[in-house]
Structures are given as C-alpha cells and as structure tokens.
Amino acid sequence: MIGMVKRMKRAGLLGINARNASYQMLLNDRRRYPLVDDKVKTKRLAEEAGLAVPELYAVVAAHWQVKRFEQLLQGRERFVIKPSQGSQGNGIMVIDSRMHYGWRKADGTMITDDDLHYHLVNILSGMYSLAGQPDEAMVEYRVDFDSVFDQVTYQGVPDLRVIVYRGVPCMAMLRLPTRASDGKANLHKGGVGVGVDLATGVTCGGMLYDRPITLHPDTGHTLEGLQVPGWQNILRLSARCADLTGFGYLGVDVVLDRKRGPLILELNARPGLAIQIANRTGLCVPFARIDDMQPNSSSLEDRLQMARQLQPDAALAGASA
Ligand SMILES: Nc1ncnc2c1ncn2[C@@H]1O[C@H](COP(=O)(O)OP(=O)(O)O)[C@@H](O)[C@H]1O
Ligand SMILES: [Mg+2]
C-alpha cells in the first residue's frame, strides 16, 4: 500500500493541504458555499436550471412536525430521510417499506415509529450538520437504481462522483454500497470506490477503505469492465453543475434511476481525495492538462471535448511502472 501511495505521489497525487490551500480556496467562492452545503438549497438551484433531482417530498423543520411525519408523507412508504446539511452519508436513512409497527430499511433491518421520530429529532438538533448547528430533515424520493450494477451492489443505492475542474469533468468514480455501508455508497461508511474511465465510462480498479480490490466484498463479482450507461450525459450534467454554482473545483454526485434517468444527488465544494486511489492516479495530472487548455470562457461543448482528451490511463501506466 505504501508503495502504491509513493508511486501515486509521483503520478501527481493531490494531498489535503494542497486541496485546501490551492484549489478549494482559490477556485471556490466561500460566499457560495451555503448553496451546496444545504441540500434543500442545492435541490432548488438544480431544479430552477432544469436539472433532474430526486423529488422532495417534505421538509421537517420544527419539532412539532415530527409527530405529524406520516401526514407529511401522504401515504408514501419508500423514501430517504437526510440531514439537509449532512455529509459523508451521516444521518441518512433509506426506507424501503412500511411494516406493521414501523419501517423496513434498505439493509433489511426494522425500526419502530419511535426510532424514526427520534432520528428526526436528532437531525433537527444538528447532530449531523457540518458545525453542529440546528438543521432540517429532508424527505425525498428513494432512488431505484438502474439494475446495471445489481451484481456489484449490496442493498442500497450506488452513486457516481465526478470531479469538475474549471468547468471540465476530469475524474470519476462509481461508489457501491456494501453490507457495512447500510444502504449508502459513501466510502467512509464502507462503500466501495471504483475508478471510471473518463472517455468511455467503463470501470477500472476498485478500492475499499483505501486499499485496492478487484471484487465486490459481498457479492464477489468483478468490479472491472462495467459500462456506466448514458456516460456522456452524466459528464454533461456534471459540467452544467459547475456552471450553475460557479465553483472551479466541484464534486458532483449523480444517481441513475431506473425510470427517471440520471439525477443530481448533491454537490460538494470540498470533495474527498480517495477518488485518486480508486483511479490509481493523482488529480494533479488532469488539473495540469486542463490548465494548459485554458478552459475559461470555453463553451460547454468545448469543455466536454477537453474532458475526452484527458488520458488518466497514461498516468496510471506511469504510476505502476
Ligand atoms: N434519494 C436517495 N435514494 C436512495 N439512496 C440515497 C438517496 N439519497 C442518498 N442516498 C444514499 O446515500 C448516499 C449519500 O447521499 P448524499 O445525498 O450524497 O449525502 P452525503 O452528503 O451524506 O454524501 C448516496 O450515495 C446513496 O447511496
Ligand atoms: Mg454524497
């Protein structure tokens, strides 16, 4: 593992300090952070721009609404509860169906009505918000992920993370839920990260807790060579999100719904760096290429063309040499 990190450093691995100092701070206007740090706001922003998102069913903003939760839901049994200002999958509850005395979660376990109310109260109190400030609980459509990745998914919803640098999509990964990750695809929760070739949308090597793997830990199925459907469309959506927020360094989370197609799940102004391990290549490599191409004021089409010209595989070959 140390060997791999060393090789990746040579291949332009971006570290946390460089991310904070050079990219996040210079390229992302702090005043705009609230737009992406609050998922209800992000949803409205995306909807106004005509980008598809999971439908918002309800917002629980005050304690008195907790007891009325079921009325707010209007009979819906499949939904996701999440802290509007949460991150890393914390506080997200994926509910699959109504049971007699409670609810069934995506991982098959049950919770009672009281458990669910207690969870809502915890969200309101700020247990999962970035700085512990009071928060709102949002309830949204539970995405039915396209069946393409069924063989590499354990009870939950995979997502795609695309890093967009100066408006150009430059690195991507597929994240897959595992038995440990409780219906969520976040890497910190034990999800698997799989590199995705930017030009073709085909998956390459995987990782679990920063270690390289080639098979899904629960299903045993190979993680390599899977084609993400509608890949060019996903890149286009991601680039449009960068335009929407004005952030020069952005992580876009997309899910592929069976019926509704690609949906924007959330935007991230401080995307994690493990995507480099999943792709076995550093972010500095595509960043330098993009800087050379001077994408400022280029059209969306031109920037997508630039994305196709990035060759992460070249860096990978150098890293493993
Ligand atoms: N509407 C949804 N339907 C199904 N699963 C979801 C939904 N929203 C989130 N998830 C699961 O939870 C994970 C984290 O969600 P996200 O909105 O990105 O929040 P966070 O900021 O905590 O990462 C997703 O990758 C997905 O696996
Ligand atoms: Mg996320």
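Predicted model: local features only at pLDDT ≥ 70, side-chain atom pairs only at ≥ 80, totals over all residues.
Residues are numbered from 1 along each chain as its sequence is written, chains are lettered from A and ligands numbered from 1 in the order written, and side-chain values use heavy atoms, leaving out hydrogens and water.

Now colour by confidence. The protein chain averages 91, with 94% of the residues scoring at least 70. The lowest mean, 46, belongs to helix α12 (residues 312–320), and the highest, 98, to β6. Helices (H or I, at least four residues) and strands (E, at least two) are DSSP runs numbered from the N terminus.

Next, select the open sheet of six strands, ordered β1-β6-β2-β3-β4-β5 with antiparallel pairing; two strands pair if DSSP finds at least two bridges between them. β1 (56–60) and β5 (110–112) each have a single partner strand, so one side of each lacks a neighbour in the sheet. Zoom in on β2 (residues 79–83) and β3 (residues 93–98), joined by three bridges; Ile81 has Met93 in β3 as its bridge partner.

Finally, show helix α4 (residues 39–48), which lies across β1, β2 and β6 (137–141) and runs at about 45° to β6. Helix α7 (residues 113–124) also packs on the sheet, and its direction makes about 80° with that of β5. Axes are lines fitted to C-alpha atoms, for helices over the stretch in contact, and angles run from 0 to 180 degrees between N-to-C directions.

Terms used. Contact = heavy atoms within 4.5 Å. pLDDT = per-residue confidence, 0-100.
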